[in-house]
Amino acid sequence: MNKNITVIPRHGSSLKDKLYLPAIYDGVKVTFKHFFKNVSDINAVDTLEYPEEQPTDITERYRGLHRLTHRPDDSIACVACFMCSTACPSDCIFIEATEREDGHDEKMPKSFFIDTLECIFCGYCVEACPCDAIRMDTGIFSLTGSSREDFIMDKEQLLSHKGAFGEENSCARD
Amino acid sequence: MSTVAIVIAISSFLLGTLLALLTIPVLVWLERRIASLIQDRLGPNRTNVFGFRLGGVVQSFADVVKLLLKEEYYPSHIKMGKWLFMLAPVITFAAALLAFMAIPFADTLHINGEALRVQALPIDFGVFWYLAVGAIGVLGVIFGGWLSHNKYALLGASRAGSMVISYELPLGLSILAFIITYDTIDFNAMVQWQSGVFFGFLPAWGILVQPLASIILIVSLFAETNRNPFTVAEGESEIVAGYMTEHTAMKFAMYFMGEYVAMNTASAVIITVIFGGYQIPWVSTEMMLQNFSVFAGVLMITVPLIVALLIRWMRKNNTVRPTVTTDSGRNFETKVLTIALLAMTALIEVILLYLIFFAESTLANSITVMLFQIVVFVAKLMMFNIFFIVIRWTVPRFRYDQIQHLGWYYLLPLSLLNLFITALVVVGVSS
């Protein structure tokens, strides 16, 4: 026999296995153990009482809701290059560019909309951005609204989101 | 018939109906909560009425409202047999409900020479009633699946048919062994037989007298109720919802409730036939009636103990975690329920004290014993229902040919062998 072949012994042919009942007894022992442990101290069950308890394990790499970053002097970092809306696979970023007057670059977005109902949170816009102007490090995982329009984020909303992990400003523009 | 007889007949009918129908939401809730606790989750625990959650049982009533208000949808491709398609869930539900009616909830009351059965249907051929009516339930499944004119539903129905031929024979033969042992077809007489002792010290419960037939009975009843490990008539992964694929809203709810009523009925039959029914071990009804003051005294000690344990558990567990700021009215609920439980205990104590020291009426005594037996019956019923649920969330499913294999190659020969030995022993003992 080829020594690369490992023969795994087949289980289930002994009388104990064929009776089924010992196996069921073992299984019921396990389930009852969990049941009594949990029923004797319900608050020790390792779940999140969600709306009251918020998750604490959101990491820096978590792709939350988008934000537009600022430069150190609080002006917008975005230069309206359309890289993000080009990279976007779900076509949910709508930018209108305008001339820039504050002496930093030539262009800035006049309007910047992200339709978060279309967005699939893939993070390609963040990867594509040459100015570190769009980020997904807000840590916001839950977005609610009462109409579809509530989910279309405009430039002011996106600028007002704060980074949750320390880095506030764009690292590529000064 | 005297007034007492009429009152007992009506109240036991009401009790049977309530016990069968009111346990449905409780069982649905128990199923979901126990499943989640087994899997280290919490399950539905938020729904409340004025802050009263009762552990989340209110969720089931919300579900009932949802199912009642859903759109009643009739598949337009069903041209023939529409009335039977509509009737099928009702057959399943009604069969399970009617089969439950033959179960005794307490021992026969003897009042002024009249023997009053505490059964919803006061019949003395309960076993045959159960076998005849209980077996109709699966017809509803087969009709419903067949007349849906849907391939999944037809597959489910044919699987249900394959189940019937697998379990009905072992079920009947194992019950026959019990009929020979107890020498009766009356559920109540079976329970009375089991209140004796066996080998001098063991309670003469069916599970100890007839262990093999008991196991076959339990396995066959698991199959009859269509519960795990014998869920074949429906299977999410292979045939969608099986026989009830085309049934919506209340028609679906009928099947759904029928499953829980059937589970309840099966539990009731199992505890009546093999776990001593409404009796506690070693203690027969006559013993309780003859030594009533001792019985009442023991009850007066145990009831506060049980209530104290319950309140302690509730105070510990009906809380939110320290990290959660809003308590959602749980402290208030605990307080109200504690007061209600204490008041109930005090009432029971006062009544028992009165019965021990002042009342000389045998009627009051026997009614107290009857109520106690009903409580024991319900407690056992719920314990066995919980066993059913735990088994469902423990064991994987059988394939339907494996069930036929099990039924025909193992259960049928074993039950025949058991029947043979039982008959030999019974003939040997009696001659």
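Guide: Before we start, one definition: two strands pair if DSSP finds at least two bridges between them. Also, this is a predicted model.
Visitor: OK. Which residue stands opposite M153(A) in β5(A)?
Guide: That's I114(A). Its strand, β3 of chain A, covers residues 107-115 and is joined to β5(A) by 2 bridges.
Visitor: And do those two run parallel or antiparallel?
Guide: Antiparallel.
Visitor: What's the strand order in that sheet?
Guide: The order is β2-β3-β5 in chain A, an open sheet of 3 strands with antiparallel pairing.
Visitor: Which strands stand at the edges, and why does that matter for their neighbours?
Guide: β2 (93-99) and β5 (152-153) of chain A do. Each has a single partner strand, so one side of each has no neighbour in the sheet.
Visitor: New topic. What are the domains of chain A?
Guide: The domain assignment gives domain 1 as 12-47 and domain 2 as 67-160.
Visitor: How many Å separate their centres?
Guide: It's 52 Å between the centres of domain 1 and domain 2 of chain A, taken over C-alpha atoms.
Visitor: I clicked on S75(A). Where does it lie?
Guide: S75(A) lies in a loop of chain A, between β1 (67-68) and α3 (83-87).
Visitor: Which residues is S75(A) in contact with?
Guide: Skipping its neighbours within four places in sequence, S75(A) contacts H70(A), D102(A) and H104(A).
Visitor: Now the helices in chain B. At what angle do α13 and α14 pack?
Guide: About 175°, and their axes are 10 Å apart. Helix α13 is residues 292-317 and helix α14 is residues 330-357. The angle makes α13(B) roughly antiparallel to α14(B), because anything over 145 degrees counts that way.
Visitor: Which residues make that contact?
Guide: Among them are L299(B), V303(B) and V307(B) from α13(B), and L341(B), I348(B) and L352(B) from α14(B).
Visitor: How many are nonpolar, polar and charged?
Guide: For the contact of α13(B) with α14(B), it's 15 nonpolar, 4 polar and 2 charged.

Key: Residues are numbered from 1 along each chain as its sequence is written. Chains are lettered from A and ligands numbered from 1 in the order in which they are written. This is a predicted model: local features need pLDDT of at least 70, side-chain atom pairs count only at pLDDT 80 or more; totals for chains, interfaces and linings use all residues. Helices (H or I, at least four residues) and strands (E, at least two) are DSSP runs, numbered from the N terminus. Domain bounds come from an automatic or database domain assignment. Axes are lines fitted to C-alpha atoms, for helices over the stretch in contact, and angles run from 0 to 180 degrees between N-to-C directions. Angles under 35 degrees count as roughly parallel, over 145 as roughly antiparallel, 65 to 115 as roughly perpendicular and the rest as oblique. Two residues are in contact if their C-beta atoms, placed from the backbone, lie within 7 Å. Ala, Val, Leu, Ile, Met, Phe, Trp, Tyr, Cys and Pro count as nonpolar, Asp, Glu, Lys and Arg as charged, and the others, Gly among them, as polar.
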